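Visitor: I have just opened this one and would like a walk through it. Could you start with the words I will need?
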Amino acid sequence: MEKLSFRHTTSRALPGAKAQAITGVVASGNLEVLLERTLPPTECTVEIETPIRGYGEVWEAVVADFVARAEPGGLRITINDGGARPDTVSLRLLQGARLMEV
Amino acid sequence: MMLAEILASLFPEGHTVTIADGLISGEGPFRGGRLAVIGIDGDTALGVDGACRLAGDVLDVVRRGGGTPILVAIDSDSQRMSRRDELLGLNEYLAHLAKTLLLADAHGHPTVGLIYGHSAAGAFIATALATRVLVGLPGANPSVMDLPSVARVTKLPLDRLEAMAKDTPVFAPGLDNMVRTGAVQAVLDPDLPLADQIAAVIDAMPEDDHRDRLGRERGGRPVAEEVAAQVVRDAALG
Amino acid sequence: MNERIIDLAARGEGRGWATSWYEASARARIDGLLDAGSFREVIGPEQRRMSPHLPLFDLPRAFDDGMIVGSGRLDGSAVLVAAQEGRFMGGAFGEIHGAKLVGLLRAALKLKPAAVLILFDTGGVRLQEANAGETAIAEVMRAIMRVRAAGVPVIGLIGGRAGAYGGGGLIAGTCSRLVVSEGGRISVSGPEVIETNKGAEEFDSRDRALVWRTMGGKHRRLTGGADAYADDTIEAFRQAALDQIGRAPAFDLATLEAEQRRLEERLVRFGDCRDATEIWGQLGVNDPESVPALTTADFETLLVSLGETTHDAR
């Protein structure tokens with residue numbers, strides 16, 4: 001398994017009050033994303049465990065794009081990956097952020 | 001040990017245990033009363049017909065009452081793998097057999113499993129694993145799946161699996177690993193009278209299902225006990 | 001990406017009652033099954049109680065190990081609920097996966113809920129944790145017996161993509177009542193397992209029609225292997241679960257003697273049948289070939305006309 005970890009600063013906290021959400025399932029081509037509102041309001045971390053090695057740069061780009069779009073300040077995001085494609089990862093991350101905005 | 005030797009060691013004064021189609025059934029004198037014996041011999045697969053017969057035998061013992069202990073002696077294959085067995089609802093027959101053993105136990109009939117040969121998968125769960133205490137004899141070989149099959153399913157090389165099996169009791173076949181998992185409480189000594197050893201097992205029956213505690217103590221299931229206990233602690237009706 | 005992403009969260013819906021049970025995730029099933037917002041998970045994903053064994057095999061883990069347990073309300077009544085996620089490792093029983101269900105059943109002895117609901121979706125034992133999974137299944141069956149003996153119904157709901165296979169089929173057989181849908185399969189050896197071990201002449205696993213009529217929900221319901229047949233929606237499973245809770249048989253000698261007679265009779269009546277359609281014909285179904293295509297409503301009508309498929313012998 002490969003472990004990746006990214007830390008970002010955002011310009012705002014993600015709106016909403018939901019403390020925690022989970023979306024997706026660990027399965028072939030899929031992933032699960034756990035989101036927890038436990039960080040200072042303008043910080044965001046994304047930790048990933050994936051069985052597919054050597055795609056750190058792709059993950060870095062997908063995560064950076066997500067952070068720019070969602071501004072998920074305050075969230076600790078943890079991913080168990082089952083070998084999802086980048087578009088699936090993006091979709092799941094945005095879904096997760098939306099669940100937290102309730 | 002062979003079944004004949006086991007029965008001789010259990011019942012030095014003789015017994016009425018018979019074997020037909022690989023199914024063991026009968027009883028013998030035991031501590032001033034009787035010890036009922038059911039089981040599977042000769043690496044026989046357990047199908048709907050066999051499970052139904054064994055369950056009937058267990059219910060007969062329960063109906064007669066008197067707290068007669070039941071020994072479940074096992075040297076079986078896995079469940080019988082066939083279209084007919086599944087068509088007829090093998091899951092119900094195996095579950096029913098397990099339930100009769102659990103009911104017997106609840107009705108004051110101590111149930112002891114004795115694995116002396118092979119057993120696997122559904123046959124193992126429906127018989128030996130459905131007793132209050134399961135013990136083994138040296139040479140017994142319980143398994144969920146043999147390593148070559150595990151290699152096929154997990155797509156891992158056999159030699160790597162064999163290496164992993166040495167220090168990972170959670171998945172590797174064999175009696176020692178089932179002891180470490182807590183499923184098998186103890187391994188008996190074939191050179192001592194089995195009657196005395198089974199009597200001692202019955203006298204020391206655990207009150208609750210403590211297989212997960214044994215699994216933690218022996219390192220074969222490091223976290224199961226703790227996880228189950230946490231659920232009990234944290235669950236609340238709302 | 002072959003996996004279709006269709007769970008409730010993906011649709012952003014709060015309640016998806018018309019949602020397919022088969023397609024829904026385990027969490028979506030629980031959310032739709034219980035009264036809105038009533039589910040309280042125990043050992044939630046934030047506790048990261050993940051398998052200590054899967055990393056040895058270089059396999060990804062899930063936060064909940066594929067088993068979600070907790071409490072909630074069903075039409076106002078307090079229940080305990082467990083759901084397997086069939087897409088994670090085929091819903092198979094590993095050490096933590098199994099221990100969570102064992103713990104839930106032990107909690108039921110203490111809490112005395114109106115029922116314990118088990119949402120099966122499993123291929124059986126997780127081979128990477130085979131000994132732990134197999135032992136856990138034995139522990140679950142013992143715990144179910146104790147819960148039932150204490151008067152708490154244990155209701156199994158089967159309609160997931162992984163079915164209820166292997167040890168899952170055995171656990172299902174110990175439940176007080178079973179609800180099954182068309183897509184729910186209950187069996188010990190799966191089609192592939194039989195074919196691998198005994199050859200395609202014994203069981204052609206690619207013959208999906210054969211799989212459904214040998215192990216599928218309709219066959220199990222017709223022969224008494226399940227007690228209720230539900231449409232493949234979360235709402236239908238909710239209604240069926242509610243109906244079954246009040247009808248749970250006791251766990252005692254009389255029940256098991258009745259089950260013994262029921263199973264012996266099945267062997268006598270159908271032991272020589274080579275195909276499910278023969279059994280259905282002997283049950284009194286006029287046109288056995290038409291059964292797989294029957295709608296739920298027509299299938300219910302058929303069940304009523306047969307009049308002997310409901311029993312308390314479980």
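Guide: Helices (H or I, at least four residues) and strands (E, at least two) are DSSP runs, numbered from the N terminus, and two strands pair if DSSP finds at least two bridges between them. This is a predicted model, in which local features need pLDDT of at least 70 and side-chain atom pairs count only at pLDDT 80 or more, while totals for chains, interfaces and linings use all residues. Residues are numbered from 1 along each chain as its sequence is written, and chains are lettered from A and ligands numbered from 1 in the order in which they are written.

Visitor: Okay, which strands of chain C form a hairpin?
Guide: The hairpin is made by β2(C) and β3(C), with two residues between them, and D75(C) in the turn has a positive phi of about 50°. The two strands run antiparallel and are joined by eight bridges, and V69(C) stands opposite A82(C) in β3(C).

Visitor: What sheet do they sit in, and in what order do its strands come?
Guide: It is an open sheet of seven strands in chain C, with mixed pairing and the order β1-β2-β3-β4-β5-β6-β7. At the edges stand β1 (40–42) and β7 (228–230) of chain C, each with a single partner strand, so one side of each has no neighbour in the sheet. β1(C) pairs with β2(C) (residues 67–74) in the antiparallel sense over three bridges, with R40(C) opposite S71(C) in β2(C). By contrast, β3(C) and β4(C) pair in the parallel sense over five bridges, and the bridge partner of A83(C) in β4(C) is L119(C).

Visitor: How many residues of β3(C) are buried?
Guide: Six of its eight residues are buried (20 or more other C-beta atoms within 10 Å of the residue's own, with C-beta atoms placed from the backbone), so β3(C) is largely enclosed by the rest of the structure.

Visitor: Which helix lies across β7(C)?
Guide: That is helix α9 (residues 234–245) of chain C, which lies across β2, β4, β5 (154–158), β6 (177–181) and β7 of chain C and runs at about 165° to β7(C). For such angles, axes are lines fitted to C-alpha atoms, for helices over the stretch in contact, and the angles run from 0 to 180 degrees between N-to-C directions.

Visitor: And how do α3(C) and α4(C) cross?
Guide: The axes of α3(C) (residues 95–111) and α4(C) (residues 130–149) come within 9 Å and cross at roughly 15°. That makes the two helices roughly parallel, a word used for angles under 35 degrees.

Visitor: Switching topic, which chains share the most contacts?
Guide: Of the two pairs of chains in contact, chains B and C share the most contacts, where two residues are in contact if their C-beta atoms, placed from the backbone, lie within 7 Å. This contact takes 71 residues from chain B and 76 residues from chain C. On the side of chain B that touches chain C, α4(B) (90–106) gives the most, with 13 residues.

Visitor: What about chain A, then: how many residues are in its contact with chain C?
Guide: The contact takes 24 residues from chain A and 20 residues from chain C. The side of chain C that touches chain A divides into 11 nonpolar, three polar and six charged residues, where Ala, Val, Leu, Ile, Met, Phe, Trp, Tyr, Cys and Pro count as nonpolar, Asp, Glu, Lys and Arg as charged, and the others, Gly among them, as polar. Chain A and chain B do not touch, and their nearest C-alpha atoms are 14 Å apart.

Methods
Parallel < 35°, antiparallel > 145°, perpendicular 65-115°, else oblique. Buried ≥ 20, exposed ≤ 12 C-beta atoms within 10 Å, placed from the backbone.
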